[in-house]
Amino acid sequence: MKTSLSLLIVSVAAGALAAPAFAQGLPPEAHDNIHRLFDQHAAVQRSVTLTATGYTALTESDDPEIARTLRAHVQQMRERLDSGLAVRRWDPAYDEMVRHYKDLDLKVEPTAKGLRVVMTGKTPAAVKIAQNHAQIVSKFVAKGWPEHDVKHPAVAASAPAPAAPKENTATGGAQCGNCGGGKSGGESGSCAGNCGRAAEKQAERK
Ligand code: HEM
């Protein structure tokens, strides 16, 4: 009995060591911060300016707790990607972002109510990927949970040139764009009631 227990412990430990880095799930704090941001998305304001080399974004909240959560989230994601771990690897846009991460430069400056981010790409593909990421984050902010399970298209392969500089904004107060006709445009099925909490119940799949 003792021997089989020891064997079990050894094999579980060996399995954990052998697991590829990308298979590691999010730590609870990072997971909780993401959930808080989805829950509180209506209290977040965000504006994005696309530039020739990427984008700048200002993301803020009047609620100091949410402002702190935003800063903590970005720091946690940054550390995760810096250490070679993946996020949302089932989502083509994030999978692509992780693969091109070495070609992305992220500068984060805290503001009184949140943070300003300047993301630039070192290659034309990375510029497109940065801009795509900016627009996905804006969708998270604008739509909240209904956007959580949406697979966002990758852009690098089909991208001849970066988008021309332009400004767009997303405020947390936006209606759920997925709800047109009551149906979601993504994988998550119908919006609002069906999507919101149902998304939370699903595994984060990171
Ligand atoms: C599915 C959940 C999410 C994942 C996996 C995720 C992942 C990431 C990653 C990987 C980055 C880039 C960090 C870096 O380049 O070092 C990032 C940045 C950021 N995320 Fe999230 N995120 C999620 C949800 C959200 C939500 C719900 C919000 C806000 C409502 C949010 C706001 C931001 C902001 C403000 C940035 C900084 C970049 C920018 O301003 O464009 N994220 N996130």
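Reader: Which residues are closest to the ligand?

Author: This is a predicted model: local features need pLDDT of at least 70, side-chain atom pairs count only at pLDDT 80 or more, and totals for chains, interfaces and linings use all residues. Residues are numbered from 1 along each chain as its sequence is written. The ligand is surrounded by 22 residues, each with its C-beta atom, placed from the backbone, within 6 Å of it. The closest are Leu37, Ala57, Met77, Arg78 and Phe140.

Reader: Which element gives the most to the shell around the ligand?

Author: Helices (H or I, at least four residues) and strands (E, at least two) are DSSP runs, numbered from the N terminus. At least two shell residues come from each of H2, E2, H3 and H5. The top contributor, with 6 residues, is H3.

Reader: How many residues of the shell are nonpolar, polar and charged?

Author: Ala, Val, Leu, Ile, Met, Phe, Trp, Tyr, Cys and Pro count as nonpolar, Asp, Glu, Lys and Arg as charged, and the others, Gly among them, as polar. By that rule the shell has 16 nonpolar, 4 polar and 2 charged.

Reader: Why is H5 largely enclosed by the rest of the structure?

Author: H5 has 20 residues. It is largely enclosed because the number buried is 15.

Reader: Which residue is the bridge partner of tyrosine 55 in E4?

Author: Two strands pair if DSSP finds at least two bridges between them. E2 and E4 pair in the antiparallel sense, over 7 bridges. In E4, the partner of tyrosine 55 is methionine 119.

Reader: Is arginine 88 buried or partly exposed?

Author: Arginine 88 sits in the loop between H3 and H4. Its phi is positive, about 40°, although it is not a glycine. Most residues other than glycine have a negative phi. With 19 other C-beta atoms within 10 Å, arginine 88 is partly exposed.

Conventions:
A residue is buried if 20 or more other C-beta atoms lie within 10 Å of its own, exposed if 12 or fewer, and partly exposed in between; C-beta atoms are placed from the backbone.
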